[in-house]
Every structure is written in structure tokens, then in C-alpha cells.
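Please keep the model open while you read, and look up each residue as it comes.

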Amino acid sequence: MSALAVRDLDAGYADFQALFGVSLDLAAGQTLALVGANGAGKTTLLMAIAGALRPWRGSISLDGTDITIAPDYQRARAGVVLVPEGRRLFASLTAEENILIPAGVRGRADPGPWTLDALYELFPMVAARRSHRAALLSGGEQQAVAIARALAANPRVLLLDEVSLGLAPAIVDAFYGLLPAIQAVGVSIVLVEQDIDRALAASSHTICLLEGRLVMAGESASLDRAALIAAYFGAPAGPADHASAGPGGAAPPAGPGGPA
Ligand code: ATP
């Protein structure tokens, strides 16, 4: 049974449809990378899974239990936790107070393996700054607090929306280096990542969205990189594809139909 199963999901905003019939499966401890150009629907899909956006059609289940219409706080208790783009920390609370929010507010007192000590071991940079206000932390420290806060909710499924955005490559490397420790306790991860090479390296499976539709899916180790980049841009795969300058690299933006 899949830890997370999404079936034929349609979702959008008012009368704008952002997702069209998206399906995915994720086993316990697996990592799925979600790639696609700006506006492809990646955040919308994470929000629908997290319960921040009610789908129009289709279903979402967690360990076989249908959670399609469960509100976000119920999903968080059930173990679906989102680290949103932009982190959304409480700026005037300390790092530690932010991390302890799931236990206090979501009513999920059991942190599972993610006690404060375990989190500080995972994120020594946060341990050193635990009593500093979030507003005074660097971007990398804030991102570490946001991930630690999500883990403190003892997630079964962790949704990471562009955690590397705006951070120095060395910090991003450090974050990705932590993923195996998180997977090792059975947490399934869906990560949105603009850098295709990072996405492929960090995940067991990758899916690509284009204008709200799933256009490619497969095991990350066996996906053809050039074909994935072509799918990302909505261009037909070919020998002149952007094999050396993909998303996250120096590729020029290409509109629908891709470069000539
Ligand atoms: P990005 O990489 O830029 O974050 P994305 O792949 O995450 O892009 P989404 O943010 O999911 O894409 O947006 C999908 C589509 O939905 C886009 O066309 C976007 O303009 C639209 N959209 C997103 N949020 C809203 C909103 N609150 N109201 C209306 N349309 C929205």
C-alpha cells in the first residue's frame, strides 16, 4: 500500500484550473521530486496534498485512508506536513518556540523520533541559535528551523516546497545531505526543486508537471535527463536539447513549445 496516493486530482483557484488529473504514489521512506517550470502547478499540488486547498475532483489517501476533504490541521495530525515556500516562521518567536509549535498547537504531543535533542543533533546550526528570534536568523538558519518545526510534528509525509530557494549552494548541499536520515525513519518526502540535477540525485522517483498536467514520471535513476528537460519546457526531446544547461543551471527561459 502507498503511504501517499493521489488519484486524478483536479484543483485550482476560483474558476482557474491549475491541476488536471494528476496522480502519484509514494511508498514509506521514499522521496519523490516534483519538477516543472514556474506556474506548472507544483505548489498547488503540495497545497492540495497538505489540505490547504480543497481539490475539485479526485482523491488523496494516506496509508489507505481517504483524506481528500480532511482540513489541514487534521492532515497535520495524521502526518502530512508542509514546509511552505518562504518558511512562514513566527518572526518574534525564538527558533525553539517555532519548533515547539506543532506539539502545542496541533495537539500532536508525540514527536516520534524527533525530540528536541534529535532535532538539534540533526541541525546543530539551530541548536546554537535556539534562543534567538526567528527574524534575526540567516536564511539558511530560518529554513533549518522550518524543517525542524515540520519534523517536530512527527510527519509520515513531509512536503518540501523549494527549500533551496535563495540559499547558498553549501547550505543547500547540507540540507539535501540530511534527507537520508529523515527517510531512514520511514518518512516519505515530496520535494519541489528547480534544479533538475539535485532533484534527480535526491529522489527515488521524479514527476514533471507542465501547465498543470503530469507529463513525465519515473525512477529518478533511469529517467532520461534530456527528455526530462524537454518535458519541463514542453519541448519535444531531441539531440539538441539543453543537456548541459537545464533548469537550475544556465538555461534561458523557454516558452511553451520551447526553443527552436
Ligand atoms: P512556481 O515555481 O512559480 O512557484 P508552481 O509550479 O508552484 O510555480 P503554482 O504556484 O502551483 O505553480 O501555480 C499554478 C498556477 O496557478 C499558476 O498559473 C498560478 O498563476 C496559479 N495560481 C497560483 N496561486 C493562485 C491563486 N492564489 N489565485 C489564482 N491563481 C493562482
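Predicted model: local features only at pLDDT ≥ 70, side-chain atom pairs only at ≥ 80, totals over all residues.

1. How are the strands paired around β3? On one side, β3 and β8 run parallel and are joined by 4 bridges. β3 also pairs with β9 in the parallel sense, again over 4 bridges. Leu 34 can be followed in both pairings: its bridge partner in β8 is Val 192, and its bridge partner in β9 is Ile 207.

2. The pairing of β9 (residues 205-210) with β10 is antiparallel and covers 6 bridges. As one place to look, find His 205, which stands opposite Glu 219 in β10.

3. Is β3 mostly covered or mostly open? It is mostly covered, with 5 of its 5 residues buried. Thr 31, Ala 33 and Val 35 are on one side of the strand, while Leu 32 and Leu 34 are on the other. Both faces are therefore covered, since the residues on each side are all buried, that is, under 20% relative accessible area.

4. In soluble globular proteins, nonpolar side chains tend to be buried together. In this model the largest nonpolar core has 51 residues, and the members that touch the most others are Phe 123, Leu 151, Leu 158, Leu 160 and Ile 182. Helix α7 gives the most to this core, with 8 residues. Leaving out residues up to four places away in sequence, Ile 182 touches Trp 114, Leu 122, Leu 151, Leu 158, Val 187 and Ile 189. There is also a second, separate core of 28 residues, including Val 6, Leu 45, Ala 48 and Leu 159.

5. Which residues are closest to the ligand? They are Gly 39, Gly 41, Lys 42, Thr 43 and Thr 44, among the 14 residues that surround the ligand. For Lys 42, a polar side-chain atom lies 2.8 Å from an oxygen atom of the ligand. For Thr 43, a polar backbone atom is 2.8 Å from a ligand oxygen atom. For Gln 194, an N or O atom in the side chain is 3.3 Å from an oxygen atom of the ligand.

6. Ile 67 lies in the loop between β5 (65-66) and α2 (72-78). Is Ile 67 buried or exposed? Ile 67 counts as buried because its relative accessibility is 7%, and the cut-off for buried is under 20%. Apart from residues up to four places away in sequence, Ile 67 touches Ile 60, Ser 61, Leu 62, Arg 75 and Val 80. The C-alpha atoms of Ile 67 and Ala 50 are 9.6 Å apart, and these two residues are 17 residues apart along the chain.

7. Thr 68 is also placed in the loop between β5 and α2. Its relative accessibility is 9%, so Thr 68 counts as buried. The side chains of Thr 68 and Asp 66 are joined by a polar contact of 2.7 Å. Beyond its neighbours within four places in sequence, Thr 68 is in contact with Pro 55, Gly 58, Ser 59, Ile 60 and Arg 75.

8. Last, the chain as a whole. It has 10 helices and 10 strands. Of its 260 residues, 49% count as buried. Among contacts in the chain with a separation of 6 or more, 65% are between residues 24 or more positions apart.

Terms used:
Residues numbered from 1 in each chain as written. Heavy atoms only, no water. Pairing = 2+ DSSP bridges. Helix = DSSP H or I, 4+ residues; strand = E, 2+ residues; numbered from the N terminus. Buried < 20%, exposed > 50% of the residue type's maximum accessible area, 1.4 Å probe, protein only. Core = buried A, V, L, I, M, F, W, Y, C linked by side-chain atoms within 4.5 Å. Contact = heavy atoms within 4.5 Å. Near = heavy atom within 4 Å. Polar contact = N/O pair within 3.5 Å; in protein donor to acceptor, adjacent residues only side chain to side chain.
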